[in-house]
Amino acid sequence: MQKKERLEKILSNLGYGARKDVAYWIRSGWVMVNGEKAKSGSQKVLASEVMLEGKALDHPYGLTVVYHKPLDSVCSRKEEGRLIYSDFPERWLGRKPAISSVGRLDKQTSGLLILTDDGQLNHKITSPKHHIAKTYTVTLAETLKGDEAETFASGTLILDSEDTPCLPAELTVTGEKTATIVLHEGRYHQVRRMFGAVGNHVSSLQRTDIGALSLQSLNIQAGEYQTFEADTLLNLILGTTAI
Ligand code: URA
């Protein structure tokens, strides 16, 4: 059950503008509540009843996005480069709660990335307890030796500056320098560091699947995104529904 909130709070938390902007829009007659002109920013309403300039509000009850991260963009302000958020409507940056990425992809990795303001969804996708695998396609600088699949599956591989071994990961070799790898955890730059540990170097990396959700089934191009209800997305990831 959604609860009523002050109109000015709804609009400012959805990133539309500050309370003084909302007051101006109300005075100008641009805000409607249930088909009638809004009277005051302090009136308590359901977000679903509100229209601004003739349009329903944008994802008033939570925002979850599946994004095809392009190469050369960064997930965090701490890194240098073009932020992934520049591919989304500017208004989304003003939302409270904010959307944040579920895990990260590094600057030189493209592919599936989920962003959400739903803390529970974020936790379900990242927590090892939920066993959501992530699949990557990898191109390597050096020819594969043939024993990498065994090493990665062993559960004994320890990465530089770590002391717990990586969980077993499944490597499928698809060519002399190409493979897919399925991980069951998410450590910093994990795929690159795993191949580094076996004397190779990743020259291109794409995340193609998160659980049962695949980039291919979504058909979104680099830099594009699609919004989902959090429940629907979780079912797609768990494979309990298909696209
Ligand atoms: N492994 C990496 O090395 N980079 C990523 O972005 C994701 C997994």
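I began with helix 7 (residues 230-238), whose buried residues are A230, L233, L234, L236 and I237. Buried means under 20% relative accessible area, exposed over 50%, and partly exposed in between (1.4 Å probe, protein chains only). Helices (H or I, at least four residues) and strands (E, at least two) are DSSP runs, numbered from the N terminus.

I looked down the axis of helix 7: its buried residues fall within an arc of 160 degrees, so they line one face of the helix. The arc is taken from the directions from the helix axis to the C-beta atoms. Their cover includes strand 7 (64-69), strand 11 (109-116) and helix 3 (119-126). After helix 7 I found G239, with a positive phi near 80 degrees.

A note on my source: this is a predicted model, where local features need pLDDT of at least 70, side-chain atom pairs count only at pLDDT 80 or more, and totals for chains, interfaces and linings use all residues. Residues are numbered from 1 along each chain as its sequence is written, and side-chain values use heavy atoms, leaving out hydrogens and water.

Next I visited E148, in helix 4 (residues 148-153). E148 is buried but has no salt bridge (a side-chain nitrogen of Lys or Arg within 4 Å of a carboxyl oxygen of Asp or Glu). I found the nearest side chain of opposite charge, K145, 5.3 Å away. A polar atom of the E148 side chain lies 2.8 Å from the backbone nitrogen of G146.

Last, I checked E53: it is not a glycine, yet its phi is positive, about 50 degrees. At 59% relative accessibility, E53 counts as exposed.

Notes. Contact means heavy atoms within 4.5 Å. Lys and Arg count as positive and Asp and Glu as negative; His and the chain ends are not counted. A polar contact is a pair of N or O atoms within 3.5 Å; within protein, one must be able to donate a hydrogen and the other to accept it, and residues adjacent in sequence count only if both atoms are side-chain atoms.
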